[in-house]
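Here is a friendly briefing to read alongside the sequence and the coordinates. Please keep both open as you go through it.

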Amino acid sequence: MSTWSTLDTRLGPFTAVVDGDGAVLASGWTGEVDDLLPLIHPSLRPAEPQRVTDLGPVGKAVTAYHDGDVGVIDGVPVRQRSGEFLERAWQVLRTVPAGDPVTYTEYATRAGRPAAVRAAASACARNAAALFVPCHRVLRLDGSLGGFRWGVDVKRALLDHEARAA
């Protein structure tokens, strides 16, 4: 059974949808689970996730991250589905260290397709598990933020938070 919950964070409400085995299916800075469900691949999308007050290890990781333990998210399991490149690209995002963002060009290279900068940007845009798959750690070549589903203000705050904690 999949569950979901919304936690209050210093950046606003954060909601996560978690599979029965504890893997994050989708997450982001929203108070609405309906903002997240369409992001989950149809083969993984729960029909009726149950609202809970405690997401266990996922909830503890969200709280600890926002309190300054930016490495705590690294061990949280995530489950996303798509094509081979996107799945590889999401795995690569999880290796970008907090406090050391990369450019889209560097990210494409790390994902194994140096010429696929747009595809790398698309992987960020299609990432359902924000925070746990830290697409906010990817910047434009000139160092500017680029886009972020949850707003560039949240992206800037996350990068600043990680720079201070790292």
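Predicted model: local features only at pLDDT ≥ 70, side-chain atom pairs only at ≥ 80, totals over all residues.

Residues are numbered from 1 along each chain as its sequence is written, and side-chain values use heavy atoms, with hydrogens and water left out. Helices (H or I, at least four residues) and strands (E, at least two) are DSSP runs, numbered from the N terminus.

**The sheet**

- Four strands make up an open sheet with mixed pairing, in the order β3-β2-β1-β4; two strands pair if DSSP finds at least two bridges between them.
- The edge strands, β3 and β4, each pair on one side only.
- Strand β1 (residues 3-9) pairs with β2 in the antiparallel sense over seven bridges, and a hairpin joins β1 to β2 through two residues.
- Within that pairing, Thr6 has Thr15 of β2 as its bridge partner, and Trp4 has Val17 of β2.
- Four bridges link β2 to strand β3 (residues 24-28), again in the antiparallel sense, with Val17 opposite Ala26 in β3.
- The hairpin of β2 and β3 has five residues between the strands, and Gly22 takes a positive phi near 95° there.
- Strand β2 (residues 12-18) is largely enclosed by the rest of the structure, because five of its seven residues are buried; buried means under 20% relative accessible area, exposed over 50% and partly exposed in between, using a 1.4 Å probe and protein chains only.
- Helix α1 (residues 57-66) lies across β1, β2 and β3 and runs at about 20° to β1.

**Helix α2 and its neighbours**

- In helix α2 (residues 84-93), the buried residues are Phe85, Leu86, Ala89, Trp90, Val92 and Leu93.
- These buried residues line one face of the helix, because they fall within an arc of 160° seen down the axis of α2; the arc is that of the directions from the helix axis to the C-beta atoms.
- Glu84 and Gln91 are exposed on the other side of α2.
- The buried residues of α2 pack against α3 (104-110), α4 (117-125) and β6 (138-139), where contact means heavy atoms within 4.5 Å.
- α2 and α4 pack at an angle of about 75°, with their axes 9 Å apart; axes are lines fitted to C-alpha atoms, for helices over the stretch in contact, and angles run from 0 to 180 degrees between N-to-C directions.
- That makes α2 roughly perpendicular to α4, a term for angles of 65 to 115 degrees.
- Phe85, Leu86, Ala89, Trp90 and Leu93 of α2 make this contact with Ala119, Ala120, Ser122, Ala123 and Cys124 of α4.

**Two buried loop residues**

- Thr30 is found in the loop between β3 and β4 (50-51), and counts as buried at 7% relative accessibility.
- Leaving aside neighbours within four places in sequence, Thr30 is in contact with Thr6, Pro13, Phe14, Thr15, Asp35, Leu36 and Trp150.
- Gly146 is found in the loop between β6 and α5 (152-165), and is buried with a relative accessible area of 16%.
- Apart from neighbours within four places in sequence, Gly146 is in contact with Arg140, Val152 and Lys155.
- The C-alpha atoms of Gly146 and Tyr104 are separated by 9.7 Å, and the two residues are 42 residues apart along the chain.

How values were computed
Parallel < 35°, antiparallel > 145°, perpendicular 65-115°, else oblique.
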